[in-house]
Amino acid sequence: MTKSYKLDTILAQAGIKSDEATGALTTPLHFSTTYQHPEFGQSTGYDYTRTKNPTRTQLEETLAAIEQAEFALATSSGMSAIVLAMEIFPVGSKVLAARDLYGGSFRWFNEKEKEGRFSFVYANTEDELIEQLDDTIDLVYLETPTNPLMVEFDIESIANKAHQLGAKVIVDNTFYSPVYLNPIPLGADIVVHSATKYLSGHNDVLAGVVLTSDQELYDKLFFNLNTTGAVLSPFDSYLLIRGLKTLKLRMGKSTENAKAVVEALRQSPAVKEVLYTGKGGMVSFKVKNQENIPQIINTLEVFTFAESLGGVESLITYPATQTHFDIPAGVRHAYGLTDDLLRLSVGIEDAEDLITDLKTALEG
């Protein structure tokens, strides 16, 4: 499937017509860890599955196409994708990152700074980030929108300045997915996803992806991934291909539901602030009385209290004790991630049922 096709077509036809021998419609599962060489000195292109696997190749080609990238590498988790992307940069690199970011990313960043692997500076807003972006910065790391405060950043303007100063840009595109954002055409050097989330969409696959159109960066990424071995298994590659086929449909329904939920939350007397960008299924809101949060969570019946996001089922998360627990409270509070905030991953259920569930929990 070439990148000249529209997104809907690429997604729907992901992996089909990939088995010329049998004409199988769906992508075959290649479980073999090793591959026969036709003759001495010859290769089919597949030697050992840590290096390359036919099922994973089909997935990676689809991921590259939908992100408008030249190259994609599928990894064993979202965090392994972030680690892979970061570790191609030299020891001592200075990283400028958005302050509001996934707690797991912060945990790894903090550990690497303690080890002296990288140094980090953080910015709360786009204006702060642009102001701090100078020739001492080697790498800019962004989520847009951020997790969980839903702050958007202008990738193109940031990338333009970064490149003028010799810095590279990594963008985590997990929340928007390629349905709503393609960072590489806007200037990002590397894009990462927790493919566990929207790309898979069914809460049954742990996966990550790293994408780039830079041959030099790709060669480094491929070498490191092959060396360290944090690749995606054939079966999980197959499941992720299957999940991708409905990505745009799921994102559209999640957005439709999220807009309805946001409207209801903004009218609720129990809610003091709603954070939503207008697209995607991720919504955060702050309650007027945070002491009611346990009762709110325990009362919900349609929303499930669980970590993660991006699946067909609607979830509610309390970042202070779950996804962002590793960020010190003082740091969190300073940039707005206060203990009165709840995060929703709005799924594809009936919007009226979701609204009724929230209204009952919030207002009794």
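Select Leu300 first: Leu300 sits in the loop between helix H11 (293-299) and S10. Helices here are DSSP runs of H or I with at least four residues, strands are DSSP runs of E with at least two, and both are numbered from the N terminus. The model is predicted, so local features need pLDDT of at least 70 and side-chain atom pairs count only at pLDDT 80 or more, while totals for chains, interfaces and linings use all residues. Residues are numbered from 1 along each chain as its sequence is written, and side-chain values use heavy atoms, with hydrogens and water left out.

## Around Leu300

Is Leu300 buried or exposed? Leu300 counts as buried because its relative accessibility is 9%. Buried means under 20% relative accessible area, exposed means over 50%, and partly exposed is in between, with a 1.4 Å probe and protein chains only.

Now show what surrounds Leu300. Apart from neighbours within four places in sequence, Leu300 is in contact with Ile316, Asp357, Leu358 and Ala361. Contact means heavy atoms within 4.5 Å.

## Ser308

Move along to Ser308, in the loop between strand S10 (304-305) and strand S11 (315-317). Which residues does Ser308 touch, not counting those up to four places away in sequence? They are Thr196, Lys197, Asn203, Leu315, Thr317 and Arg343. Draw a line from Ser308 to Lys197: C-alpha to C-alpha it spans 7.1 Å, although 111 residues separate the two in sequence.

## The loop between S4 and H6

Next, select Pro145, which is in the loop between strand S4 (139-143) and helix H6 (155-164). Most residues other than glycine have a negative phi, and most peptide bonds are trans. Thr144 and Pro145 are joined by a cis peptide bond, with omega about 0 degrees.

Pro148 is also in the loop between S4 and H6. The peptide bond from Asn147 to Pro148 is cis, and its omega is near 10 degrees.

Met150 belongs to the loop between S4 and H6 too. Its phi is positive, near 60 degrees, and Met150 is not a glycine. Met150 counts as buried because its relative accessibility is 8%.

Ser177 is not a glycine, yet its phi is about 65 degrees. With a relative accessibility of 1%, Ser177 counts as buried.

Select Gln58, in helix H2 (residues 54-66). Gln58 is buried because its relative accessible area is 18%. Leaving out residues up to four places away in sequence, Gln58 touches Gly15, Ser18, Thr27 and Ile241.

Follow Ile241 into helix H9 (residues 234-244), where Pro234, Ser237, Leu239, Leu240, Ile241, Gly243 and Leu244 are buried. What covers these residues? The cover over the buried residues of H9 includes helix H1 (7-12), H2 and helix H10 (247-267).

## The nonpolar cores

In soluble globular proteins, nonpolar side chains tend to be buried together. A nonpolar core is a set of buried Ala, Val, Leu, Ile, Met, Phe, Trp, Tyr and Cys residues joined through side-chain atoms within 4.5 Å.

How many residues are in the largest nonpolar core? The largest nonpolar core has 87 residues, and Met86, Phe109 and Tyr141 have the most contacts inside it. Select Met86 and display what Met86 touches beyond four places in sequence: Val95, Trp108, Phe109, Phe118, Phe120, Leu139, Tyr141 and Ile170. There is also a second, separate core of 26 residues, with Tyr276, Phe285, Ile296 and Ala361 among them.

## The whole chain

Zoom out to see the protein chain, which has 13 helices and twelve strands. Its radius of gyration is 21 Å, close to the 21 Å that the globule rule gives for 364 residues, so the chain is as compact as a globular protein of that length. The radius is taken over C-alpha atoms, and the rule is 2.2 Å times the number of residues to the power 0.38. Along the principal axes, the C-alpha atoms fill a box of roughly 75 × 50 × 35 Å.

Colour the chain by burial: buried residues make up 53% of the 364 residues. Of the contacts between residues at least 6 apart in sequence, 68% join residues at least 24 apart.
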